[in-house]
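Work through the following exercises with the sequence and the model in view, and try each task before you read its solution.

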Amino acid sequence: MAKWRDGGGTFTVGAEGAPIPLQIAASYGARTRGLLGRDGIEGALLLTPAASVHTFRMRFAIDVAYLDRDLRVLAVVTMAPGRLGLPRLRSRHVLEARAGAMAGWGLRAGTRVNVDTG
């Protein structure tokens, strides 16, 4: 995908995964807002471009997947509220979801995410 825009869609993990709801935060304002002020999220939030995140003032723990330019997962971590994540080399996008969700989806280092905004 050449140009990212704020909006919605779905994503799948690997080629055979079931569609998962996705919100895209591509503008500065949407990325800055992220998951702040929310009590949870259905599916995931994609921050693009992004190489790191924080969970200051967040109300719940999240899973964070760092993705390269080809949407391949570089690393997955779980972050409690009030933490600062370290920037990841080669990370171009960050996927956020409620803590525990990514393991359930089979998302781990090396897997590829497919995004559909259509």
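**Exercise 1.** Decide whether D39 is buried or exposed, and find which residue's side chain D39 meets in a salt bridge.

*Solution.* Begin with accessibility, bearing in mind that this is a predicted model. D39 has a relative accessible area of 65%, and the cut-off for the exposed class is over 50%, so D39 is exposed. Next, look for the partner: the side chain of D39 meets that of R59 in a salt bridge, with 3.0 Å from N to O. This pair links distant parts of the chain, since D39 sits in the loop between α1 (28–33) and β3 (44–47), whereas R59 sits in the loop between β3 and β4, 20 residues apart. R59 also counts as exposed, because its relative accessibility is 53%. Finally, a search of the whole structure finds one salt bridge.

**Exercise 2.** Describe how strands β4 and β5 pair, and state where L71 is found.

*Solution.* Take the strands to start with: β4 covers residues 62–67 and β5 covers residues 73–79, and the two pair in the antiparallel sense over six bridges. Within this pairing, A65 stands opposite V76 in β5. Then turn to the hairpin that β4 and β5 form, which has five residues between the strands. L71 is found in this loop between β4 and β5, and L71 has a positive phi of about 65 degrees although it is not a glycine. L71 is classed as buried because its relative accessible area is 9%, and the cut-off for that class is under 20%.

**Exercise 3.** Find the loop in which R90 lies, and decide whether R90 is buried or exposed.

*Solution.* R90 lies in the loop between β5 and β6. Its backbone has a positive phi of about 75 degrees, although R90 is not a glycine. With a relative accessibility of 52%, R90 counts as exposed.

**Exercise 4.** State which residues have the most contacts inside the largest nonpolar core, and which element gives the largest share of this core.

*Solution.* The core has 19 residues, and those with the most contacts inside it are F11, L67, L95 and L107. Among the elements that give two or more residues to this core are β1 (7–13), β6 (93–98) and α2 (101–105). The largest share, three residues, comes from β2.

**Exercise 5.** Work out which residues lie nearest the centre of the largest pocket.

*Solution.* The largest pocket, with a volume of about 270 Å³, is lined by 14 residues, and R31, T32, L47, V53 and H54 lie nearest its centre. α1 gives the most to this lining, with four residues.

How values were computed
Residues are numbered from 1 along each chain as its sequence is written. This is a predicted model: local features need pLDDT of at least 70, side-chain atom pairs count only at pLDDT 80 or more; totals for chains, interfaces and linings use all residues. Side-chain values use heavy atoms; hydrogens and water are left out. Two strands pair if DSSP finds at least two bridges between them. A salt bridge is a side-chain nitrogen of Lys or Arg within 4 Å of a carboxyl oxygen of Asp or Glu. Buried means under 20% relative accessible area, exposed over 50%, partly exposed in between (1.4 Å probe, protein chains only). On a 1 Å grid over the protein atoms alone, a cavity is a set of points where a 1.4 Å probe fits but cannot get out, and a pocket is an open set with protein on both sides within 12 Å along at least five of seven lines; lining residues have an atom within 4 Å of a point. Grid points are joined across faces, edges and corners, and a volume is the space filled by probe spheres set on the points. A nonpolar core is a set of buried Ala, Val, Leu, Ile, Met, Phe, Trp, Tyr and Cys residues joined through side-chain atoms within 4.5 Å.
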